[in-house]
Amino acid sequence: TGFDFNAYMGEKAAAVNRALDASIPADEPPAALHEAMRYALLAGGKRVRPALCLAACAVVGGREAWAMPAAAAVEMVHTMSLVHADLPCMDDDDLRRGKPTCHVVYGEPIAVLTGDALLSLSFHHMARFDSYPPDIDADKHPARVVRAIGELARCIGSEGLVAGQVINSSFSIRFLIRAN
């Protein structure tokens, strides 16, 4: 039988959406921040990055539940990058996936803090032992999680995502200067 890619992606997106929904409080203070985080994170999307994370775990014989905290964290980081990229000081986008961007709905200060909170939450979510199923080997778990968190941090920082945004912003600035 053939592999149904669309069904696979739909199944993984649904599982990731459930994990993301459970990761952010709905009615706890600070309400405006949590509402903005949920707005940005649960706005939809294909969930390609977390699906790749889950697929990598499956390829080496792991269970989906073992990789779900990392998959959710990757999507939190991706969403943070979109919230920050949409800001007026960056790309100044008013729409994301056909909906008003976070800074349009909640204001620029809350949007900045939303991105910051999502980034922090990504690491917190991966580090919390209760994010994982109870069958995780408690003796091996901490070292593996620390290594995974370190790799995520490296991929976000000056060697990865942030570096890419700097390059993109530098290109945009040079383009605007030449256009004027």
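Predicted model: local features only at pLDDT ≥ 70, side-chain atom pairs only at ≥ 80, totals over all residues.
Visitor: How many salt bridges does the count come to?
Guide: Side chains of opposite charge can pair when their charged atoms come close. Here, a salt bridge means a side-chain nitrogen of Lys or Arg within 4 Å of a carboxyl oxygen of Asp or Glu. By this rule, the count comes to 9.

Visitor: Which residue forms a salt bridge with Arg-47?
Guide: The closest N and O atoms of the pair are 2.8 Å apart, and the partner of Arg-47 is Glu-75. Arg-47 lies in the loop between α2 (31–41) and α3 (48–59) and its partner in α4, so the pair ties together parts that are 28 residues apart in sequence. So the name you want is Glu-75.

Visitor: Is Arg-47 buried or exposed?
Guide: Buried means under 20% relative accessible area, exposed means over 50%, and partly exposed is in between (1.4 Å probe, protein chains only). The areas come from the Shrake-Rupley method with a 1.4 Å probe, and for residues only the protein chains shown count as cover. Glu-75 is buried, with a relative accessible area of 2%. Arg-47 has a relative accessibility of 3%, so it counts as buried.

Visitor: What is the phi of Arg-47?
Guide: Most residues other than glycine have a negative phi. Arg-47 is not a glycine, yet its phi is positive, at about 65°.

Visitor: Which residue forms a salt bridge with Arg-63?
Guide: The closest N and O atoms of this pair are 2.0 Å apart, and they belong to Arg-63 and Asp-135. Arg-63 lies in the loop between α3 and α4 and Asp-135 in the loop between α6 (108–127) and α7 (141–156), so the pair ties together parts that are 72 residues apart in sequence. Arg-63 is partly exposed at 37% relative accessible area.

Visitor: In which helix are Glu-151 and Arg-154?
Guide: Their side chains meet in a salt bridge, 2.5 Å from N to O. Glu-151 counts as partly exposed at 39% relative accessibility, and Arg-154 counts as partly exposed at 39% too. The two are 3 residues apart, so about one helical turn separates them, and the helix is α7.

Visitor: How many disulfides does a search of the whole structure find?
Guide: A disulfide is a pair of cysteine sulfur atoms within 2.5 Å. The search finds 0 disulfides. Cys-89 is in none, as the nearest cysteine sulfur, that of Cys-102, is 13 Å away. So the number to remember is 0.

Visitor: Is Cys-102 buried or exposed?
Guide: Cys-89 is exposed, with a relative accessible area of 58%. Cys-102 has a relative accessible area of 6%, which means it is buried.

Visitor: Which residues form a negative surface patch?
Guide: Patches take residues with over 30% relative accessible area and no salt bridge, joining like charges within 9 Å and nonpolar side chains (Val, Leu, Ile, Met, Phe, Trp, Tyr) within 5 Å. Lys and Arg count as positive and Asp and Glu as negative, while His and the chain ends are not counted; a charge is placed at NZ of Lys, CZ of Arg, CG of Asp or CD of Glu. Asp-91 is partly exposed at 32% and is found in the loop between α4 (64–86) and β1 (95–96). The patch is formed by Asp-91, Asp-92, Asp-94 and Glu-108.

Visitor: What is the phi of Asp-92?
Guide: Asp-92 is found in the loop between α4 and β1, and at 42% relative accessibility it counts as partly exposed. Although Asp-92 is not a glycine, its phi is positive, at about 55°.

Visitor: Which residues does a cis peptide bond join?
Guide: Most peptide bonds are trans. In the cis bond here, omega is about -5°, and the residues joined are Pro-29 and Pro-30.

Notes: Residues numbered from 1 in each chain as written. Heavy atoms only, no water. Helix = DSSP H or I, 4+ residues; strand = E, 2+ residues; numbered from the N terminus.
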